[in-house]
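Hi,

Here is the structure I said I'd pass on.

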Amino acid sequence: MEEGQFDVCVIGGGITGVGAALDAASRGLRVALVERGDFAEGTSSRSSKLVHGGLRYLRQGEIRLVAGALIERQRLRGNAPHLVKDLPFVIPLFGHGGKLRRGLTRAIGGALWAYDLCGGALIGKLHRRLSKEQVLAAFPTLKPDQVVGGYQYYDCQTDDARLVLSVIRTAALEYDAVAANRVSATTVVHDGHGRVSAVRAQTAEGERLEISCRAVINATGVWAADLGDIGIRPAKGVHLAFHRSLLGIDRGSILPSPVRGRSIFVVPLGEACYVGTTDTDYSGSLDDPRCNADDAAELLGALRSATSLEVSEADVIGAWAGLRPLVAGTASARTADLSRRHHVAEADGVVTVTGGKLTTYRQMAADAVDVVVGLLSGGDHRKINHRRRRSKTKRLRLRGAASPQEVQDGLESKGLPAATARHLAERYGTEADELADLAADEPYLGLPLTEGLPYLRAEVVWAARAEMARTVDDVLSRRTQARHRHLAASMAIAEEVAALLGRELGWSPAEQQAEAAAYRELAADDLADISSADPTKQPLNT
C-alpha cells in the first residue's frame, strides 16, 4: 500500500466498502481498501442475513426502493448463486373464532401482489394462499386456535459475512485491488490545491503508513460522521437464536409483534433458527452494541403471542446486535419509519456513502464510484477512459460463483459425503475444491470441529491462508457462523480453532491459550444482559 499509487482509497471493509472496491477496480481504477477491524466485523455480519426487497416498505409507500432492491436481489442470485439461496416465507393469518377480518386479508394479499409485480416474481415463483392446515404444517408451534390461514411468498437468504469475503476476494484476486484488515485510517491528507493526496493509517501493531491516492470513499457505516459531515442516526437491530426443533419451522415466517406495531422474521439456519429484528434508536458505544433485556423481551413476547410455546431467556442459544447506519431524518420519526434509501455525498474529495441495506450494496457502491470517476476527471469525463465510466458489476460473478448442486456433485465424485459436499458447495462454490484438497492431503482437516455444527477443521486453515483471519473471533463469528448458530458450541471449540490458527500463524502454546480465552470472554458477553440466558447450554446434537 505504501509503495502503490492509487486512484481511490476505500475506508471501511463492510459490504458497502468492499462493493465499492470491486466496482472501482473492475472499471480499471487502482484501488486500496483499509478496514480498522476485520472484514464485515460491524453491521455486515450482524444483519438478518436476508437478500430481500423489504415487504414492509410497501406500507411506507417506498415502491421504488422495493423494486430496486428486488432487481438487486435477482442480480445477486445470478452473481453469487453459491451464497444466495431462495427461501419460502409463510405469513400466518390470525383471527378470533376461526374468522379473519376480510379487509386484512385483502390488504396482505394486495401487498403480496404488489411485491410480485415490483420484482418478487423474478425469483420464478408467485405468492400463494395457504390453508390453516398448510400453515400449521410449516410452523406447527403456532397457536392452532388462532391461525385461520396464511400466505407464502419467496425471498432469499445469505451468509452476510461470507458475501463480504467473496466480494473483496474478487476485487483483490481478479482485479488487483489491495485490501488489508486491521488497518485504521487516521487522516485524509490534501495537497496545496485542496485535492486529496493520501490517507494516513496505522496498523493494529502501531506501524504507520501513508497511502497515496486521489480520492477517498468513506464507507464506514455508523462511523461515517468521523470522516464526513453527514447526519447518521444509528438504529439497533437484535436477533435471538434458538434450537430449530424448538419452534419446528421448515421455512421462514413473518409474525406480528405486539410491540411498536411491527413484524419479526423467524428464519431457519441449519439446526438453529433465529428471530428478529428489533428497530430502535441507539445512543451507546458504536463499537459494541449488545442485546439487552428489553430487546429480548420484545422478541420473546412476539413468539409467545403467536405460538403455544412458553419460550424464555433460558431457551436462547445465541444473540447478536447490529447497528443500521440510517441517514438522519426528523428527530421525532421512529427509526423503523426512516427510509432505507442510501445517500452519497462528496466534500473535499471524500465521497461518503451511507444508509441503504445489504441487498442494495452493489447499487450503493456503483453510485459512490460514479462520483469518484467524476472527481478524477475534474468534471470532464473525456479525461477518463471510457471503460471506467460505467459500473460493470451488474453481471459480474463473484469468486466461486457456480451452481451449488454442480459443485456438490463434483465433490461427491471425489469421495466426500453428501452432507459435507453440500456444506462446502454452499459456502465456497468452486473454491470448495481447494478445501477438499486440504482434507485429502491431511484427513484430520476433513473432520468437523464439533458435532452439531457443520464446520470442518479445513475451514479454519483456509480462513488463515486465504481469507486473512487473524483471531479466533474472526473464524467463529465471520468466517463461519458458529457464534450465531450456537454460542456454547463455539466457545467449546475455541481451543481447537486457536490450535489450528496457531499452526498457521506461528503462535506459541501460551498465545493459543490467550486467544481462546479472549474469544470465550467476548462470546460470553453476548448473553450477559439477558436475564436467565445460559451460555453453557448443551450443543445442538444433544
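**Cysteines first**

The sulfur of Cys273 sits 15 Å from the closest cysteine sulfur, in Cys291, which is too far for a bond. A disulfide here means a pair of cysteine sulfur atoms within 2.5 Å. Cys273 also counts as buried, at 1% relative accessibility; buried means under 20% relative accessible area, exposed over 50%, partly exposed in between, with a 1.4 Å probe and protein chains only. Cys156 is buried too, at 0%, and its sulfur is 16 Å from the closest cysteine sulfur, in Cys118, again too far for a bond. The structure holds zero disulfides.

Before you read on: this is a predicted model, where local features need pLDDT of at least 70, side-chain atom pairs count only at pLDDT 80 or more, and totals for chains, interfaces and linings use all residues. Residues are numbered from 1 along each chain as its sequence is written, and side-chain values use heavy atoms, leaving out hydrogens and water.

Now helix H1, residues 15–26 (helices are DSSP runs of H or I, at least four residues, strands are E runs of at least two, and both are numbered from the N terminus). Twelve of its twelve residues are buried, so H1 is largely enclosed by the rest of the structure. They pack against several elements, including strand E3 (31–35) and helix H5 (160–175). After H1 comes Gly28, with a positive phi near 105°.

Lastly, Ala224 lies in the loop between strands E12 (216–218) and E13 (232–243). Ala224 is buried at 0% relative accessibility.

Cheers

Methods
Expected span 1.5 Å × (residues − 1). Contact = heavy atoms within 4.5 Å.
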